[in-house]
Amino acid sequence: MNNGYFAALTLGMAAVTFLIRVSFTGIAGRLHMNERVRKTLRFVPVTVLPAIITVQILDMNSRMEFDLHNPKVIAAIICTLVSFRFGLIWVVISGVGSLALLNHFM
């Protein structure tokens, strides 16, 4: 794949992504949704994000496994413990830092 083709492909995907997002936000302001649908849609990011993160954390050699030998599992536990006491920025810092250290030493 040459660089021109790669750049054109990337720009095309960015344009399609932008159009899809803009179309939904443009339509959402004009549609009348009842309160129950609005409440349900507010929980979509909260439910989708853990599903994506859980798959990434527990994936080990194409298997789902809760194993303490997996540095991602230990980093997730550290992040969870930090989140009980501190804010989001410290959760991110503790997660990235602990994962980097665990990957280096395990």
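1. The side chain of Ser94 lies 2.9 Å from the backbone oxygen of Val91, a polar contact in the sense of a pair of N or O atoms within 3.5 Å, where within protein one must be able to donate a hydrogen and the other to accept it, and residues adjacent in sequence count only if both atoms are side-chain atoms. Ser94 belongs to helix α5, which covers residues 88-105. Helices (H or I, at least four residues) and strands (E, at least two) are DSSP runs, numbered from the N terminus.

2. The model under review is predicted: local features need pLDDT of at least 70, side-chain atom pairs count only at pLDDT 80 or more, and totals for chains, interfaces and linings use all residues. Residues are numbered from 1 along each chain as its sequence is written, and side-chain values use heavy atoms, with hydrogens and water left out.

3. Is Ser94 buried or exposed? Ser94 counts as buried because its relative accessibility is 15%, and buried means under 20% relative accessible area, exposed over 50%, and partly exposed in between (1.4 Å probe, protein chains only). With neighbours within four places in sequence set aside, Ser94 is in contact (heavy atoms within 4.5 Å) with Ile78, Cys79 and Val82.

4. Leu99 is also placed in helix α5. Its relative accessible area is 27%, so Leu99 is partly exposed. Residues up to four places away in sequence not being counted, Leu99 touches Pro71, Lys72 and Ala75. Leu99 and Ile78 are 21 residues apart along the chain, and their C-alpha atoms are separated by 9.4 Å.

5. Ile77 is located in helix α4. Ile77 is classed as partly exposed because its relative accessible area is 36%. Apart from neighbours within four places in sequence, Ile77 is in contact with Phe66 and Leu68. Between Ile77 and Leu31, 46 residues apart along the chain, the C-alpha separation is 41 Å.

6. Asn70 sits in the loop between β2 (63-64) and α4 (71-85). Its relative accessible area is 3%, so Asn70 is buried. The Asn70 side chain reaches the backbone oxygen of Ile57 at 3.0 Å. Ile57 is also one of the residues that Asn70 touches, together with Asp59 and Met60, when residues up to four places away in sequence are not counted.

7. Thr54 is in helix α3, residues 44-58. With a relative accessible area of 37%, Thr54 is partly exposed. Thr54 and Met64 are ten residues apart in sequence, and their C-alpha atoms are 9.4 Å apart in space.

8. As to the overall fold, the protein has five helices and two strands, in the sequence order α-α-α-β-β-α-α. The radius of gyration is 20 Å, whereas a compact globule of 106 residues would have a value near 13 Å; the quantity is taken over C-alpha atoms, and the globule rule is 2.2 Å times the number of residues to the power 0.38. Along the principal axes, the C-alpha atoms fill a box of roughly 50 × 50 × 30 Å.

9. Of the 106 residues, 12% count as buried. Among contacts with a separation of 6 or more, 24% are accounted for by residues 24 or more positions apart. The protein exposes about 9,000 Å², and carbon and sulfur atoms supply 71% of that area; accessible areas come from the Shrake-Rupley method with a 1.4 Å probe, and for residues only the protein chains shown count as cover.
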